[in-house]
Amino acid sequence: MKLLFTNFHSGSGGGHTTYTRELAGALAARHEVHVAAPGGSTLLAQASALPGVHVLAQPFPNGLRRIRQRLHAVRQLRGYLRRHRFDVVHVNGSADHRITLAALRGISPRPRVVLTKHNTKPMRGPQHVWRARWHTDKVIAVCEYVRRQLESTPYRVCHPQTVYNGVDTVHFQPWPQDAAAAQRRALGIADEALLVGSNAGTAGYKGWTDLVAALQLLSAAERERIHVVLAGHPPSAAQQAVIDAAGLQAQFHFPGLLADVRPVIATFDAGFVLSHDVETISFACREMMAMGKPVMVTDYAGLAENIHPGEDGWVVPVHGHAAMAATLRTMLEDRSHLLRMGAAARAHAAAEFGLERFVTATEAIYRELLSAG
């Protein structure tokens, strides 16, 4: 097959970048794979380094004020589509979906168009009816929650199908205790402290500032024993003000954006993803579990689909400060149980979160579309 993946993110792209990079890298071993993403984006840089993957620096401008840029982007992509005559074009967001469909006008035969829904943003209105009914062949949901959501949108005609995100469970695996301890010391955190952390980033919708409120529900002695580590962009001024107002500056650590998140994940006793918007299944959650960390998640969207509650993690209500505090106290009281839960998290990830299942299921969708004629 001849495949084109598109992604509109001009920066890091988060889970979109991980999703596209892993699919492209795996499928390039047996198909001709191309990736179109904005110049300077993390995805374009990472895809360029993948063996056998062809890349196109392709903008996907959005908004009426950028009409000239959009017309130029459509012309460039149309030329690329005509030259390469792809079997499948796999888009990953509204911006690249829109530009791709405009670029496909007049191209015959038209490649099959697959859309992955990565978030919980609404999809309604006449533009989505038009895209779904006549120009999109299949929609992939990254979790069951999103699949059910799609069934009440115009994209139900595209027979939404769940394909869970996969992570590289060989790359993300538990570290030896001495190596993890060395990383903790590098962060200036004592071995006896409870360290909870996340590599899901610091965006507001990630809900991590709820931990500030949860920590305030604990006793001073309990709070002093807990440290929080967050990889990603530094906190905003407003977020830092929340920490400062609670007097918890010494408890929060921000190592910044990391090219490799494994060293910081290795330091965790447990992970967390406390999102209350946008989030679906969370690559970060699955990466932490693959590294043997039990994870506390909110009951938002598909996050709970990652967890066997009480076995390899915990599910708490969105903004459920009391439940978060109770979970932190449980972690403090039985550290040995955290190790058992971490082993269960690793086993769960190895059995269900691997790349092979993810790639094979996605490839099967392409083949089914093409065999349908």
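This passage describes the overall dimensions of a predicted model, then one of its helices and a patch on its surface.

The protein contains 15 helices and 13 strands. Along the principal axes, its C-alpha atoms fill a box of roughly 70 × 40 × 35 Å. The radius of gyration is 22 Å, in agreement with the value near 21 Å that a compact globule of 373 residues would have. Of these 373 residues, 53% are buried.

Buried positions in α13 are Met324, Ala325, Thr327, Leu328, Met331 and Leu332. These residues lie on the same side of α13, because the arc they cover around the axis is only 160°. On the face turned away from the buried side of α13, the exposed residues Ala322 and Glu333 are found.

The surface also deserves a look. Here Val129, Trp130 and Trp134 form a nonpolar patch, and together they have about 300 Å² of accessible area. Val129 belongs to helix α5, which covers residues 126-135. With a relative accessible area of 34%, Val129 counts as partly exposed, and it can join the patch because membership requires over 30%.

Definitions and conventions:
Residues numbered from 1 in each chain as written. Predicted model: local features only at pLDDT ≥ 70, side-chain atom pairs only at ≥ 80, totals over all residues. Heavy atoms only, no water. Buried < 20%, exposed > 50% of the residue type's maximum accessible area, 1.4 Å probe, protein only. Helix = DSSP H or I, 4+ residues; strand = E, 2+ residues; numbered from the N terminus. Arc of directions from axis to C-beta. Patch = residues over 30% accessible without salt bridge, like charges linked within 9 Å, V, L, I, M, F, W, Y side chains within 5 Å. Areas by Shrake-Rupley, 256 points an atom, 1.4 Å probe, with all protein chains shown as cover. Salt bridge = Lys/Arg side-chain N within 4 Å of Asp/Glu carboxyl O. Rg over C-alpha atoms; globule rule 2.2 N^0.38 Å.
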